[in-house]
Amino acid sequence: MRFEKELVHGRLIKRYKRFLADVKLDDGTEVTAHCTNSGTMKSCLEDGAEVYLTPVNDPKRRTKFTWEMIKIDGRWVGINTNNPNKIAFEAVRNNRIPELSGYETVRREVKFGDSRFDVMAQNEKETCFIEVKNVTMKVGPDALFPDAVTTRGRKHLNTLMEVKKQGMRAVMLYIIQRMDVERFGPADEIDPEYGKALREAYREGVEIIPMQAEVTPEGIELVRKLDFEL
């Protein structure tokens, strides 16, 4: 995924009210940016750290920037939770993930029951529903999800199990927007119920694919599949 606009560099002053962040740009201007990440952003939040923002030209929006990434320990971490869906859609459509290649039709935001999945892919042999999650939290060498309790995330896992029961392919795709981790796993200390649901889903045949992505001011590229430990 390439950024459509040139990003604006600055330093984080503070994040507050979950969806807002004050940033000091290189020219000294202080602006408020929209933060799409509703989680705690544990391990990827540091006052004074370098950040990049996307300028937004929308008269209806109060904030004129969207926060894209932050530099932690010398590496960029992507915190925009909208980007993983775009990355996943492009990757499946362009056969960039070997486990999810060979689909002729790829659509976004497809309804199944009372849920809406991020991606649906089809070919003559099968239908595949894919739920995409953004992962930014790091504990030691591990990337963990979630960084806050998520009842919505558990609902998606339950619906994926129903997809599998109906004879279709069900995939949980985690996009890990940082390069300083080696494995993926559930954050049991934060949301043990999500961890239980993920293990149950895995036993029931839901596939888990954690993909690591390299984040730069030019774009975000999938690099490799990580091992996972449940």
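1. Helix H3 (192-203) has 12 residues, which should span 16 Å at 1.5 Å a residue; its end C-alpha atoms lie 17 Å apart, which agrees. The expected span is 1.5 Å times one less than the number of residues. Helices (H or I, at least four residues) and strands (E, at least two) are DSSP runs, numbered from the N terminus.

2. This is a predicted model: local features need pLDDT of at least 70, side-chain atom pairs count only at pLDDT 80 or more, and totals for chains, interfaces and linings use all residues. Residues are numbered from 1 along each chain as its sequence is written, and side-chain values use heavy atoms, with hydrogens and water left out.

3. Tyr194, Gly195, Ala197, Leu198 and Ala201 of H3 are buried (under 20% relative accessible area, 1.4 Å probe, protein chains only). They cover an arc of only 165° around the axis, which puts them on the same side of H3. The arc is that of the directions from the helix axis to the C-beta atoms.

4. Just after H3, glycine 205 has a positive phi of about 105°. Just after H2, glycine 167 has a positive phi of about 90°.

5. Helix H2 (residues 151-165) has 15 residues and reaches 21 Å from first C-alpha to last, close to the 21 Å expected. Its buried residues are Gly153, His156, Leu157, Thr159, Leu160, Met161 and Val163.

6. In the lining of the largest pocket, S9 has the largest share, 5 residues. That lining divides into 9 nonpolar, 12 polar and 8 charged residues.

Terms used: Buried < 20%, exposed > 50% of the residue type's maximum accessible area, 1.4 Å probe, protein only. Contact = heavy atoms within 4.5 Å. Nonpolar A, V, L, I, M, F, W, Y, C, P; charged D, E, K, R; others polar.
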